[in-house]
Amino acid sequence: MTAALGKRVGGETRAEDRATVPAGPDAGVDEIVVEGLSYAYPGACEDALSGVDIRFERGRYYSLLGRNGSGKSTLARCLNALLVPTRGTVTSCGLDTCEPLDIPDIRQRLAMVFQDPDTQIVGITVEDEVAFGPENLGLAPDVIRERVDSAMELAGIAHLAKRQPLRLSQGQKQLVAIAGALAMEPAFLISDESTSMLDHASRRRIVDLLTTLAGRGVGVIHVTHFLEEASTADEVVVLEAGRVAAVGAPAQVLADPSRVMELGLDPLPVTQVGKELAALGHRLPGGILTVEELLAWLRS
Amino acid sequence: MVGRDITIGQYLARDTSLHELDPRLKVISVVVGTVMIFLYPSGWALLAFAGLLVITMVASRLPLVPVLRSLRTVWVIVLITALLQLFLTPGEVLVRWGFVTITDSGLYNGIIFSARVVILVLLLAALTMTTPPLKLADALESLLKPLSYIKVPVARVTTVVSITLMFIPNILEQSRKVIRAQMARGADFESANVFRRVRDIIPVLVPLFVKVFHDADELAMAMDARSYRGGVGRSRLDPMHIGMRELLLTCLFIGLSVGLFFVF
Amino acid sequence: MAAILTLESVSYSYPLPGEGESAALDGIDLQVERGEIVCVAGPNGSGKSTLAQVCAGLLVPSSGRLLFDGRRVESRAELRGLRQRIGMVFQSPEDQLFAGTVTADIAFGPRNHGLRGAELEKRVRSAATIVDLSLERFGERSPFSLSEGEKRRVALAGVLALEPDVLVLDEPFIGLDHDGREHLKAALERYRERRETSVLVVTHDLADTWRLADRFALLSGGRLVRVESSRELVSGYDLGSLDMRLPQWGVLARELVSGGSEVADPADPAELARAIASILEARHGG
């Protein structure tokens, strides 16, 4: 908890932490730059994204929020060239997503896990599943072995190596998916609502893993509609109707429950209590978003 | 993509020697076996082959019960065609009830035919239960590689085959769910009224198709995101390799299968 | 007044291939009163989906008795009849949409039960109103052209059109954003008001129904462990042992209550704020 607090207040990653995750073939630029991005799905009359400008850096944990239809998944998929901009540009790790020849490199540097644990599985054992990505890159078997082992270790699923992924719990399946992404040794990990279908304990575990990864130099972009998960991020980005409606530290963006509701999100209980408290003449100090923090403050 | 029941030869995760065997050898054996099953001239050859198959499965410690269960799904077809053979083949009459006749050739053909199908199903089950779809695809791709020199898109075809196989449990699970949901809304799948049952297929088929196509899209996207390029330049964590022992045993199996043709 | 739905010592086991029987439910005693909203909560694997299906007449209990409106439900025919009176909404209900138009899809259920003409139309309209779906706008459109949220409303309307006495929902909040949740809760409240029907919501997260449910039935390993109101839940029961957690509201309320504060409604932010305010004022001697 305090580590997360520390992250919000002064969240710079140490240089040593960045070095623990290898950067891939050649260390490109450590950021994703989105400029004037617009995207319309084929056949749609409206833009799903309109003129989005934003930057993501390695080693930071970003939470991407928004109501259903706000464009958050669309934005996520524009980052790793699953979708190509209708207007504007996306430059991921120095590579332009509109350039077809760069797509394989982009996809190696920006790994993605999806919402439905079941429809992203291709392997018969967990090992096979995690090896899928490196195999696609044509790496040598011993290199693949090494990557698979360290990815499973990092995700905490080494003991499940020989199990069948489809027989695991939903939460475990997502950990396997993340391990599969890590085996690509990516610069960024994009989680497209990977926690939406999970129970609380599994969600917690995934968010903890994502936080650890950010600490180790991976840029984490976590799309979610659970504000609890956003409260420990370095930066929160809220989309509304295809545009960026709010960007900033969680303490700033999520503090006002009415504003949060306008954006189609479920305000954090503590902020709602805080609002009522303010009406009674007591102000909560800024930066209190969870019950633990509230209780800690109350006791002091 | 979850399916808990044993469907027609769905992969079983066990540690048998058949599991370890190079999938290419398995595929070749199955192809040879299939051809032989339909070529064998006599019931004795079929019986001997069945024996060979069973011995192979037992020796490699493949649990027979699930294999036998895979017969459950085909027994109706087998029964119908066997009965057709039984009643419609001309020959020396054995029994006559009204206008229904059973001839000696009919009886023989009926039994032989059923036997061929049963053994075929067992052979295929032995393959699919010990070989995960992706490995099957690898084997097919490797074996069909020569075709790619004449521009046949081997990699794509095998990807399609393996993904189709992977989707079978998904399709079954989805259909279970949809049937359940429609039943809860009063659709009757147990009705005596055949017309009603046929009409109620639409509320099952339409959502099933929609969901399966949607899932397939999602899977394709996930594979894309993980740099899948259709098998071009793919390596393996566990590359296929054929050991001497495996090769010899496979040759033995194939040799015996073919040999039975001449013996019986 | 008799409870609308009663389960007496209901057990359910199902055979797992190659592993013999596995008990999903063990001796469940539960009563659902008319007009109640009951939340059945438990971690994954606790048997809550199984319980939901048993309540809806889709699974036959291995032992125990099921009573609907005071009468035993036993034979196949009776169970099928139960399905008419109890509407079951599965997870991802939009996966069941199939008809050419929204109206036709909603009408599927009542049509199967013999309704036609004006009566049928009335039912469809009524159901659409409850889920806040405009038939003028959507009635003739294909269900597949709608957004996810709209599809879900159509699916829910399809079950409401049966006008069941009890509505059972299996994890209805998964994948919904704030708007979606509010819509669903509003629809459930509206439905309950209209016909004094009962609602059974199965969920793994108490936060979903914290402000909606009258009572919470906690399941663990196939057994019903507690049935309480949210107020009772915060006064000291240890949920950790059940592999569940109180929602943030509940955690806060519990701390306040154990510190001696009065919290009448642990789901009301104003109440919680008041309790905190009195602590602060007491501290500053005000």
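In which sense do strand β3 (residues 61-65) and strand β9 (residues 235-240) of chain A pair, and over how many bridges?

Modeller: They pair in the parallel sense, over four bridges. Here two strands pair if DSSP finds at least two bridges between them; helices (H or I, at least four residues) and strands (E, at least two) are DSSP runs, numbered from the N terminus. Before going on: this is a predicted model, where local features need pLDDT of at least 70 and side-chain atom pairs count only at pLDDT 80 or more, while totals for chains, interfaces and linings use all residues. Residues are numbered from 1 along each chain as its sequence is written, and chains are lettered from A, with ligands numbered from 1, in the order in which they are written.

Back to that pair of strands: A:Leu64 stands opposite A:Val237 in β9(A). Both strands belong to an open sheet of six strands in chain A, with mixed pairing and the order β6-β7-β8-β3-β9-β10. At its edges are β6 (110-113) and β10 (243-248) of chain A, each pairing on one side only. On average, neighbouring strands of the sheet are turned by 20° against each other, direction ignored. Helix α8 (residues 200-215) of chain A packs on this sheet and touches β3, β7 (188-192) and β8 (219-223) of chain A. The direction of that helix makes about 150° with that of β8(A); axes are lines fitted to C-alpha atoms, for helices over the stretch in contact, and angles run from 0 to 180 degrees between N-to-C directions.

Now the neighbour. Chain A puts 32 residues in contact with 24 residues of chain B, contact meaning C-beta atoms, placed from the backbone, within 7 Å. On the chain A side, α4 (103-109), α5 (126-136) and α6 (141-155) each supply at least two residues, and α5(A) has the largest share, seven residues. That side has 16 nonpolar, nine polar and seven charged residues.

Chain B itself has 11 helices and two strands, running α-α-α-α-α-β-β-α-α-α-α-α-α from the N terminus on. Its C-alpha atoms fill a box of roughly 65 × 60 × 40 Å, taken along the principal axes. Of its 264 residues, 28% count as buried, that is, with 20 or more other C-beta atoms within 10 Å of their own. Among contacts in chain B between residues at least 6 apart in sequence, 75% join residues at least 24 apart.

As for packing, the largest nonpolar core has 192 residues; a core is a set of buried Ala, Val, Leu, Ile, Met, Phe, Trp, Tyr and Cys residues joined through C-beta atoms within 7 Å. Helix α7 (residues 170-182) of chain A provides the largest share of this core, seven residues. Among the residues with the most contacts inside the core are A:Ala179 and C:Leu200. C:Leu200 touches C:Val32, C:Val38, C:Val40, C:Ala52, C:Cys55, C:Val166 and C:Val168, leaving aside residues up to four places away in sequence. A second, separate core of 19 residues includes B:Ile37, B:Leu46, B:Val121 and B:Ala126.

That leaves chain C, which is divided into domain 1 (5-246) and domain 2 (247-286). Taken over C-alpha atoms, the centres of these two domains of chain C are separated by 33 Å. Their contact takes 10 residues from domain 1 of chain C and nine residues from domain 2 of chain C.

Terms used
Two residues are in contact if their C-beta atoms, placed from the backbone, lie within 7 Å. Ala, Val, Leu, Ile, Met, Phe, Trp, Tyr, Cys and Pro count as nonpolar, Asp, Glu, Lys and Arg as charged, and the others, Gly among them, as polar. Domain bounds come from an automatic or database domain assignment. A residue is buried if 20 or more other C-beta atoms lie within 10 Å of its own, exposed if 12 or fewer, and partly exposed in between; C-beta atoms are placed from the backbone.
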